[in-house]
Amino acid sequence: MFPGEISRLKGKGLLRKLLVVEPGEGSCLVIDGKKVVNLSSNNYLGLSNHPRVKEASIRAIERYGTGAGASRLISGHTNTIKELEERIASFKSTEAALVFGSGYLANIGIIPSIAGDGDVIIADRLNHASIFEGCRISRARLLIYKHKDMNQLEEILHTYSSCKRRLIITDGLFSMDGDIAPLKDIVSIAKRFGALVMVDDAHATGVLGKSGRGTMDHLGIKDGVDIQMGTLSKAIGCYGGYVAGDKSLVDYLINKARSFMFTTALSPAIAAASIAAFDIIEEMPEIRKRLWENRGYYFKAVTGLGLDTGMSESQIIPIMIGDDKRGLRFSERLLELGVYAPVIRPPTVPKGKTRIRTTMMATHTKEELDRGINALRVAGRELGIIS
Ligand code: PMP
């Protein structure tokens, strides 16, 4: 039906394809029957395979079955969902929390509930696509500031100071660049201008901060963030999204967020698995420590090779390439060399910023990381990216 479109994307090196992947041993995958090191996962702490997480999920399936059956406003919810929300609220130090079917659904539900016609949303240029989708649906005026440019943020707030509501939205840890938002500055600017702050902590939760609570924990911020959004799909190792904030925010979203109201509730098994994952994060800080040790080892080696890791300061370590076709070839070559790391092209990243997105896991062994580093060395040299 769309052969023209497909060949146009292919010609530009922008055609995306799906891969069938099976789990291998350790942090490896099996692709086309071949074992490869996985440098692509957001399962940063390896909790999706943790025996306690799997066991909690199995027990919940035995008790509740697999699906929730309907929207929570139609069929209610199990105790596991209630417990998970209490757990998220305490983890994020807020009064309340509300879970959504996914992080994407959370963003497209929260944002239009809070900002609408006549309001202004001010967003970092490198925020996640689901945030921009939420902004688009909201019908609020969207103003984008250059990545982490606090002067521009202030200028915009100044210009729009008479608007009814101003909502600033930022990723906590940027998903494709691995750098951290200047949230302290954002909070203090917002305070001065009476704006609301929303942070998407999808990649920071479980990873950043002394207790793994995310960007606020990392930067020592106690309050001033009105809406803390996150996902259960990354370090938590499960699926689903959430918002944490004050009780009136949660009560309001239950009544207003369409992607909460008109979709089936999260499966109880996923909720039970997520609770177990939060338990592990709190009880076993050594897992997070291992992730950071792996990050340190790999980052040093990769930068030592002369590869450009962009702005990375976390477990997300992009290898900046630039050209789309070259990026695609790099990723294909890595796969031939036994390493899976995806090429990330526009529109996920800005034009000319194509990269290989590599991510660290706490469960990577040194040998797996060495295989990754070696493959980057070989592919980098062959493609003339490093000498
Ligand atoms: N926010 C950010 C910053 C993300 O990176 C993602 C997913 N990649 C989402 C939201 C959406 O979360 P989910 O995968 O749970 O839909």
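**A guided reading of the predicted model**

Pro-347 lies in the loop between strand S13, residues 343-344, and strand S14, residues 354-359. The peptide bond that joins Pro-346 and Pro-347 is cis, with an omega of about 10°. Phi of Asp-32 is near 50°, a positive value in a residue other than glycine. These two features deserve mention because most residues other than glycine have a negative phi, and most peptide bonds are trans.

From these local details the reader may turn to the chain as a whole. Its secondary structure comes to 15 helices and 14 strands. Along the principal axes, the C-alpha trace spans about 55 × 55 × 50 Å. A compact globule of 387 residues would have a radius of gyration near 21 Å, and the chain has 21 Å, so the value agrees with that expectation.

The ligand is the next point of interest. It is surrounded by 15 residues, and the closest of them are Gly-103, Asp-200, His-203, Thr-231 and Lys-234. By class, this shell divides into two nonpolar, 10 polar and three charged residues. Helix H5, which runs over residues 103-114, gives the most to the shell, with three residues.

On the backbone side, an N or O atom of Tyr-104 lies 2.9 Å from an oxygen atom of the ligand. Side chains also take part: a polar side-chain atom of Ser-233 lies 3.2 Å from a ligand oxygen atom, while a polar side-chain atom of His-128 lies 3.4 Å from a nitrogen atom of the ligand. On its own the ligand has 390 Å² of accessible area, and the protein covers 86% of this.

The empty space within the model can be examined as well. Rolling a probe the size of a water molecule over the atoms shows where empty space is left. The second largest pocket has a volume of about 410 Å³. Its lining consists of 22 residues, of which Gly-26, Ser-27, Asn-43, Asn-49 and Met-361 lie nearest the centre of the pocket. Two or more lining residues come from each of strand S1 (21-23), strand S2 (28-31) and helix H13 (285-304). The largest share, three residues, comes from S1. Sorted by class, the lining of this pocket has nine nonpolar, 11 polar and two charged residues.

A cavity, unlike a pocket, is a space from which the probe cannot get out. How many cavities of 30 Å³ or more does a search of the whole structure find? The search finds one. The largest cavity has a volume of about 70 Å³. Residues that line it include Arg-72, Ile-81 and Val-99, together with Phe-100 and Gly-101; Ser-259, Phe-260, Thr-263, Thr-264, Ala-265 and Leu-266 also belong to the lining. The elements that give two or more residues to this lining are strand S4 (96-100) and helix H11 (258-261). The lining of the largest cavity divides into six nonpolar residues, four polar residues and one charged residue.

Note on methods. Residues numbered from 1 in each chain as written. Predicted model: local features only at pLDDT ≥ 70, side-chain atom pairs only at ≥ 80, totals over all residues. Heavy atoms only, no water. Near = heavy atom within 4 Å. Polar contact = N/O pair within 3.5 Å; in protein donor to acceptor, adjacent residues only side chain to side chain. Areas by Shrake-Rupley, 256 points an atom, 1.4 Å probe, with all protein chains shown as cover. Helix = DSSP H or I, 4+ residues; strand = E, 2+ residues; numbered from the N terminus. Nonpolar A, V, L, I, M, F, W, Y, C, P; charged D, E, K, R; others polar. 1 Å grid on protein atoms, 1.4 Å probe; cavity = no way out; pocket = protein on both sides within 12 Å on 5 of 7 lines; lining within 4 Å. Points joined across faces, edges and corners; volume = space filled by probe spheres on them. Rg over C-alpha atoms; globule rule 2.2 N^0.38 Å.
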